[in-house]
Amino acid sequence: MKLRVQLQCKNLHEYLRELSPEILDRLYNHPATCLAVYRELPSLAKNYVMRMLFLDHPLPQAAVALWVKKDSQKDHDQCVSVLTGLRLWHNQQLQGGLQGIVLNPVFKDNLRIALLGGGKAWADEGSSLGPDRHARDVESLDRYAMERWEVILHFMVGSPSAAVSQDMAQLLIQAGLMKSEAGDAPCITSAGFQFLLLDTASQLWYITLQYLKTVQSRGMDLVEILSFLFQLSFSTLGRDYSVEGMSESLQTFLQHLREFGLVFQRKRKSRRYYPTRLAITLAAGVTANPSSSSSSSSSSSTALSATPGTGESGFIVVETNYRVYAYTNSELQIALVALFSEMLYRFPNVVVAQITRESVQQAIANGITAQQIIHFLRTRAHPVMLKQTPVLPPTITDQIRLWELERDRLQFTEGVLYNQFLSQADFEVLRDRAQGLGVLVWQNAPHRVMVVTPHGHSEVKRFWKRQKSHT
């Protein structure tokens, strides 16, 4: 049976907690970063930060513990864990040996600047360049952002008209969303299909996290890149900003953001850029883990309630004769349906497809699971289908699962083979030892053959050497 990969996407705090203390301390030198981190804190943790923001002396831990009632101790402990993990709280010993808590001084100073004003401008507005003859309004920026982002999604589903840069294709492969073998064109993986089921904000945040993993290998400064991303999240939609004063690595990063649809820049050498709505909402894109697993959890269903790239919440009708009717004009959604079905007809506002054994097994061979197909059909079900219980005909869901089982008849387990025993007694001694250790995978006594787990191999091998030395 194939290993089913679950797509895991960390939220902002989970990502920051994995960074080294040195990088975190450098990040907090930027007011935009401090405000973005504060914005995503739990409400109780925000309260704690505001209580200590203007204090110059540490507070005793016992005094801080009195800020909540006893029945809210669990929430208090959770907040302490978050604030400590993000290095926003530092432990400091008070006079008399008591333990105290102090707000990170770098974070405190820069959050004050962010809230009260002062300091340097976060971004150089384009007003210094004069009026833009090619100014973009909010509507055109929204349209541009989704067009750019959907090109990437089209490329993932194999649309022939979609083309991305080599750098983007490599990023998708490194992220495990696509795979390429023996010079063939990249094709979507199981994780990639889960990715397509996420809402746009979660998709963007996931890709951004994957990009950030490659920043240092590109010769870029992670702190500089992250600080710029946080600055973008506080930009004004529809306003242009200047690229003057940007480092070379930031200008390279800006070109990658263009491909993501996060910024609009008319030409590569243009001296101004416009952040799009996708960039402004990026840092707050994932507030909970949006991993889409085969169990189709309720949290995943919430994230999947909107169809990425379209305004449609439900457009698919599935009949018991395996016909699928997709009432959509979205090329992306049509391409997604085509991943596990055979297209029959296409009309101006509807496509007709057929779910077949061959189409489903081809999708499964590409790493898509039967549960993912069913989940896709259920979350995109037309309002008419939502009125019936169950939403999808059991005939369809059961048959898709059966077609998957046809491919997964065997279960593979790694192991170490032991054979060529000189006597049955030797075989039984070693078999019983492996069985006692709980590492025996399989045995065949008449042929004196057995298999043990890889982690149990060393212990069984040592036992066998001791046994042979005593005989």
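Student: Which residues touch the most other members in the largest nonpolar core?

Tutor: In this predicted model, F195, F260 and L377 do, out of 121 residues in that core. Helix α12 (residues 222–233) gives the most to this core, with eight residues. Apart from it lies another core, of 10 residues, including F421, L430, A434 and M450.

Student: What makes I316 a contact of L377?

Tutor: Contact means heavy atoms within 4.5 Å. L377 touches I316, and also V318, F340, I355, L392 and I400, leaving out residues up to four places away in sequence.

Student: How do you know that β2 and β3 pair?

Tutor: Two strands pair if there are at least two bridges between them. Five bridges join β2 to β3 (residues 99–103), so the two strands meet that cut-off. They run antiparallel, and N91 stands opposite I101 in β3.

Student: Why are β1 and β2 called edge strands?

Tutor: The open sheet has the order β1-β3-β2. β1 (59–60) and β2 (89–93) each pair on one side only.

Student: What makes up the lining of the second largest pocket?

Tutor: Its residues divide into nine nonpolar, three polar and three charged. Of the 15 lining residues, K10, Y15, E18, L209 and K213 lie nearest the centre. Lys and Glu count as charged, so K10, E18 and K213 belong to the charged group.

How values were computed. Residues are numbered from 1 along each chain as its sequence is written. This is a predicted model: local features need pLDDT of at least 70, side-chain atom pairs count only at pLDDT 80 or more; totals for chains, interfaces and linings use all residues. Side-chain values use heavy atoms; hydrogens and water are left out. Helices (H or I, at least four residues) and strands (E, at least two) are DSSP runs, numbered from the N terminus. On a 1 Å grid over the protein atoms alone, a cavity is a set of points where a 1.4 Å probe fits but cannot get out, and a pocket is an open set with protein on both sides within 12 Å along at least five of seven lines; lining residues have an atom within 4 Å of a point. A nonpolar core is a set of buried Ala, Val, Leu, Ile, Met, Phe, Trp, Tyr and Cys residues joined through side-chain atoms within 4.5 Å. Buried means under 20% relative accessible area, exposed over 50%, partly exposed in between (1.4 Å probe, protein chains only).
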